[in-house]
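Subject: Structure handover

Hello,

Here is the structure for your files. My notes on it follow below.

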Amino acid sequence: MPELPEVETTCRGIAPLLSGRRVTSVHVRNPHLRWPVPPALARELPGQRVSGVTRRAKFLLVESPVGHLILHLGMSGSLRVVSRDLAPEKHDHLDVVMDDGHCLRLRDPRRFGAALWTTEDPFEHPLLKYLGPEPLEDDFNAEWLHQLSRRRRVAVKSFLMNSKVVAGVGNIYASEALFLAGIHPGRPAGRISVKRYQGLVGAVREVLEGAIAAGGTTLRDFVDSSGNPGYFSQKLRVYGRQHEACEHCGSAVRSRVIGQRATYYCPRCQR
DNA sequence: AGACAGACCTGTGAGC
DNA sequence: TGCTCACAGGTCTGTC
C-alpha cells in the first residue's frame, strides 16, 4: 500500500526508534526481493550505530557511519518495529536487530520491495541519482513541469508518475491531484500551460500533505506489533470511485487505463 | 529521446 | 467448497 505519504509516515514512525541504536545483527530470511539482498548488508551493518532515517522519493535510508541501508516497500511492503522475540510470519523477509531488544522488520508478500546496502554516497546510487525533485520541496514547481513537458505527448498522468519528473507521486495521488487541479489525466503533458501547472503543483502538495497528516494520527500505534502500519481514513475523491457522483458536479466518476494503470477522473470537471 | 509493453510475485475477491 | 481469472498502491528494462 505504500505511496509517498505512507513511506513518510513509516519514516517518521521508525526514525526515533532506530536513531542512536546500535545494530546487533541482521537476519535475511528471504533474499529474493526485487533485487537480491546483498550479503554485505548482514556482514557490515551489525556493530554500527544508526545515525538517522530519512526518505527520498519512496526510498527509506537507514544511515550508519559505514554505509546506508536503502529500503523500498514496493507494492505490498511494510515496516514495523517489534520485539526481537516476536515470531516472524510468512512474508517477514528481513530483521534488523537493535541493542534495545527491538528489531526493524520488513514484510513484503509480493516481494517487489528492496533492501540494498551501499557504502558510497547513497544519493549517487543508480536508484536515487536520477530522481526528479521531491514534490514537497520548492524545486518542484510549475516552471519545471512546463519546461520539461514541452513537445511531450505523453498523458499528463503518466508524466506526473515519471520519477524523473517528480519523485514519488504514485497512482492514487496522481489521479487525486489531477482531479483537484481540474486537469484531464489523458491530456498531453506538452499541451498544458504554466498557469495550469501551477494549479497542479498546488494540488499535488495538497493531497500529499493531507494524507501525511492523516497518517500521522496512527503514529502512536506504530510499535504495536498487532497494529497496522498506518493507512487510514484518507478520503479519496475519485480513486476507486467509478460510477459514483463527482463531489463537485455530480457527474459519474469514470475509470480508464492510462499507461497501464487504472485512472479515475471526472469527465466534466477535468479538461 | 520518448513512449510503450512486459517483467517481477503473491494475495484477494468475483464469478462460476 | 473450490477452481479460474482479473486485478492490485511500483518501477526497471527492453524494444520500437
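R111 is partly exposed, with a relative accessible area of 35%; buried stands for under 20% relative accessible area, exposed for over 50%, and partly exposed for what lies in between (1.4 Å probe, protein chains only). This is a predicted model, in which local features need pLDDT of at least 70 and side-chain atom pairs count only at pLDDT 80 or more, while totals for chains, interfaces and linings use all residues. Residues are numbered from 1 along each chain as its sequence is written, chains are lettered from A and ligands numbered from 1 in the order in which they are written, and side-chain values use heavy atoms, with hydrogens and water left out.

R111 sits in the loop between β7 (102-107) and β8. Helices (H or I, at least four residues) and strands (E, at least two) are DSSP runs, numbered from the N terminus. The phi of R111 is near 60°, a positive value in a residue other than glycine. Most residues other than glycine have a negative phi. R151 also has a positive phi, near 70°. R151 is placed in the loop between α4 (142-149) and α5 (156-160), and with 83% relative accessibility it counts as exposed.

DNA contacts

A polar side-chain atom of R111 is 2.4 Å from a phosphate oxygen of DNA strand B. For polar contacts, the criterion is a pair of N or O atoms within 3.5 Å; within protein, one must be able to donate a hydrogen and the other to accept it, and residues adjacent in sequence count only if both atoms are side-chain atoms. For P109, a polar backbone atom lies 3.5 Å from a sugar or linking oxygen of DNA strand B.

The residues around DNA strand B are K90, H91, P109, R110, R111, F112, R152, R153, V154 and Q260; a residue is near a strand if one of its heavy atoms lies within 4 Å of it. By class, this surface has five charged, three nonpolar and two polar residues. In that count Ala, Val, Leu, Ile, Met, Phe, Trp, Tyr, Cys and Pro are nonpolar, Asp, Glu, Lys and Arg are charged, and the others, Gly among them, are polar. Of the atoms of DNA strand B within 4 Å of the protein, 53% belong to sugar or phosphate and the rest to bases.

Cores

The largest nonpolar core has 28 residues, of which L18, L69 and L71 touch the most other members. A nonpolar core here is a set of buried Ala, Val, Leu, Ile, Met, Phe, Trp, Tyr and Cys residues joined through side-chain atoms within 4.5 Å. Helix α1 (residues 4-18) supplies the largest share of this core, five residues. A second, separate core holds 26 residues, including L145, L160, V201 and L208.

L69 touches L41, L45, L60, L61, V62, V96, A115, L116 and W117, not counting residues up to four places away in sequence; contact means heavy atoms within 4.5 Å.

Helices

Twelve of the 15 residues of α1 are buried, among them L4, P5, I14 and L18. From first C-alpha to last, α1 reaches 20 Å, close to the 21 Å expected at 1.5 Å a residue, where the expected span is 1.5 Å times one less than the number of residues. Just after α1 comes G20, with a positive phi of about 90°.

In α6, nine of the eleven residues are buried, so this helix is largely enclosed by the rest of the structure. Y173 lies in α6 (residues 171-181) and is buried at a relative accessible area of 2%. Y173 and R205 are 32 residues apart in sequence and 9.9 Å apart in space, C-alpha to C-alpha. After α6 comes G182, whose phi is positive, near 70°.

Two buried strand residues

T118, in strand β8 (residues 114-118), is buried with a relative accessible area of 8%. A polar atom of the T118 side chain lies 3.1 Å from the backbone nitrogen of E120. Beyond its neighbours within four places in sequence, T118 is in contact with G67, H68, I70 and H125.

H72, in strand β4 (residues 68-72), is buried with a relative accessible area of 19%. A polar atom of the H72 side chain lies 2.9 Å from the backbone nitrogen of G74. With neighbours within four places in sequence left aside, H72 is in contact with K58, F59, G113 and A114.

Regards
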